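Keep the picture open as we go.

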Amino acid sequence: MAKKIKGPQMILANRLDDGRVVFFTKDGGWNSDTVFAAYGEGETLEALLVEADKSAANNLIVGTELIGATIDGDQAYPSHIKHIMQAKGPSVRADLGYQVSADWERR
Amino acid sequence: MYAYDKFDRSLVDIRVAEFRDQVERRVKGDLTEEEFRPIRLMNGLYLQLHAYMLRVAVPYGTMSGDQMRRLAHIARKYDKGYGHFTTRQNIQFNWPKLSETPDILAELADVEMHAIQTSGNCIRNVTSDQFAGATADEIADPRPYAELLRQWSSFHPEFSFLPRKFKFAITGADQDRAAVKWHDIGLIVRKNDAGEIGFEVIVGGGMGRTPVIGKTIREFLPEKDFLSYQEAILRVYNEQGRRDNKYKARIKILVEAMGAEEFARQVEVEWEKIKDSHIDVPQEEVARIQAFFQPPELANQDATSAVTSEFAKKNFIFASWLQNNTNAHKVQGYVNITISLKPHGGIPGDASAEQMDLVAALSDEYSQSEIRVSHEQNLILPHVALKDLPAIWADLDEAGLGTANVGLLTDMIVCPGLDYCALANARSIPIAQAITKRFDDMKRLQDIGPIKVKMSGCINACGHHHAGHIGILGVDRKGQEMYQLLLGGSGAEDATKAAILGPGFDEHGIVDALEKVVAVYLGVREDGEEFLSTYRRIGAQVFKEAVYDAA
């Protein structure tokens, strides 16, 4: 599933239960907020990927995908418009973005 | 409306139980995602851009008030309080949880609905004229035949793994409101010289990356042979359709490669083999199904309503709504109402749970508990008395459903685009919103007149841009959203492919370009001439010069 993309990359997937988009985090978990997202390239990325795939094997997430990242300081953000949309939620329903959907989170 | 018999009931109940078990096994890890994916797709459950998406079938776009109320309940309980009506007359929920999906399907089964065959390479939901059985320009109600197709195609063992998805549309009216020529199989009810009912059969239409207008392979198929002939078409396609390349796998590619004449010949050969093998249902069964679709008994009404006429004189928006959002019923004193799901600044095709509840309540009170979904992503209340229109419009308007734009420029077909869809290259909803804001003046819209704008966020053409008088196609240019402008398409009986006008635009430029196209039209149109006729008369060049030379 690893695609050859140049430069730093992040790992994106969907949670099995609700399908929502999550990013592999620096502490080896998954979070919808890119602020926690791990990134890397070369061997660092390969090592991250091995860890991320363990979650897939545990049936926590599906569809692991490497995506291009833009680095600002020590934080990574998706580069492509599609992945930016995935990180933010629908641009036309700001009330449904992951960062503001507290009620949805509590269900 | 059709009511489930014990076989229908049993089929959906068994399917819900089966899927519940499959979901449990997936969550426990007994099924891998690779194993589970085709199973969830067969039950209408996609994994979309942000989350799961459940597509629920609304067979031939007809549902009851109770069914609409159940959709509202599902939106409220299991989703985020809204749903999205699609060009296949279905509804999509954008945020269901996997573990709750079996409960949703059970709730749907309870009101005779399901999500079966709303995905996958099988025969999808059959679409039809939203005014079927209620319009003055109809030869016969096409819904009994659509229901026959539904029953024949549901779990059809031979056609569950076709080379690609397969879409039927059927209309009973001369005016094609179901885009039949853009379907894998399009059917038009015809009457022969002897007054017998039959069907014109059109095959090989489709949109996507290779837009093709279907070809008529039979001018008149007798009613008694209805299903066996469809079976013969599907057999030829199933055997010879390409399976090596998904972009070449639709029937349109086969028909183009083979030629319509040769395709028709092979269908006839196949049909000869099977036509007498009891695929067609006996006339008594056709009559049994037709009985479910008998016109309602409507009380006598005057041809005009003083209450409605007086209200229209006082309220310009209502007068516009009366003109644009109602059409002639076959019974005097009645109309069909089209409820616009295209509020200016809103999301085309979306309805909140509260709006769905209101439409259900209005259907109970005014339209025999009947509701329709159009492929243009609006809702219809059929069989409404003319005198009731002011009260209905007032309720709709209060709920944000009173927009008087049906058939006008802002009544756009718009796919979910990159706001929701994993396949999309560009957003389409924000462009639609910008267009509706630019053309927010009802008097201006009225002056522009009937015009169909259709927009897709990618080449798959879910927003029917090939069939738009004005089409907009979102593309990805090096990671940037860009938009191509197309002109001259039609999804009606005069089906035509729209042509790309020139280089694409950014999100602001496309709205400006559309406005320039409209300005050209207003400047050169002849008395009473609608946009498409003007385009056909003068061609693309004048529009091209206005859009690009002045840029």
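A: Start with a term. Helices and strands are DSSP runs, numbered from the N terminus. The model here is predicted.

Q: In what order do the elements of chain A run from the N terminus on?
A: Read α as helix and β as strand. Chain A runs β-β-β-α-β-β-α-α. That comes to three helices and five strands.

Q: What share of the residues of chain A count as buried?
A: A residue is buried if 20 or more other C-beta atoms lie within 10 Å of its own. In chain A, 35% of the 107 residues count as buried.

Q: Which share of the contacts in chain A with a separation of 6 or more comes from residues 24 or more positions apart?
A: Such residues account for 56% of those contacts in chain A.

Q: How many residues of chain A are in contact with chain B?
A: The size of an interface is often given as the accessible area lost when the parts come together. Here we count residues instead. 21 residues of chain A are in contact with 20 residues of chain B.

Q: Which element of chain A gives the most to that side?
A: Helix 2 of chain A does, with four residues. Strand 4 (61–72) and helix 2 (81–88) of chain A each supply at least two residues. By class, the side of chain A that touches chain B has nine nonpolar, eight polar and four charged residues.

Q: Now a sheet. What is the order of the strands in the open sheet of chain B?
A: Strands of a sheet pair through backbone hydrogen bonds, either parallel or antiparallel. The open sheet of chain B has five strands in the order 3-14-15-12-11, with antiparallel pairing. Its edge strands are strand 3 (62–64) and strand 11 (326–328), and each pairs on one side only. The twist averages 30° from one strand to the next.

Q: How many bridges join strand 14 of chain B to strand 15 of chain B?
A: Two bridges join these antiparallel strands. Take B:Arg372 as a case: its bridge partner in strand 15 of chain B is B:Ile380.

Q: At what angle do the axes of helix 3 and helix 4 of chain B cross?
A: They cross at roughly 165° and come within 10 Å. Angles over 145 degrees count as roughly antiparallel, so helix 3 of chain B is roughly antiparallel to helix 4 of chain B. The crossing of these two helices is right-handed.

Q: Which residues make that contact?
A: Helix 3 of chain B brings B:Arg70, B:Ile74 and B:Tyr78. Helix 4 of chain B brings B:Ile104, B:Glu107 and B:Leu108. Four of the residues are nonpolar, none polar and two charged.

Notes:
Residues numbered from 1 in each chain as written. Chains lettered and ligands numbered in written order. Predicted model: local features only at pLDDT ≥ 70, side-chain atom pairs only at ≥ 80, totals over all residues. Contact = placed C-beta atoms within 7 Å. Nonpolar A, V, L, I, M, F, W, Y, C, P; charged D, E, K, R; others polar. Axes fitted to C-alpha atoms, helices over the stretch in contact; angles between N-to-C directions. Parallel < 35°, antiparallel > 145°, perpendicular 65-115°, else oblique. Left-handed = near helix turned anticlockwise from the far one by under 90°. Pairing = 2+ DSSP bridges. Buried ≥ 20, exposed ≤ 12 C-beta atoms within 10 Å, placed from the backbone.
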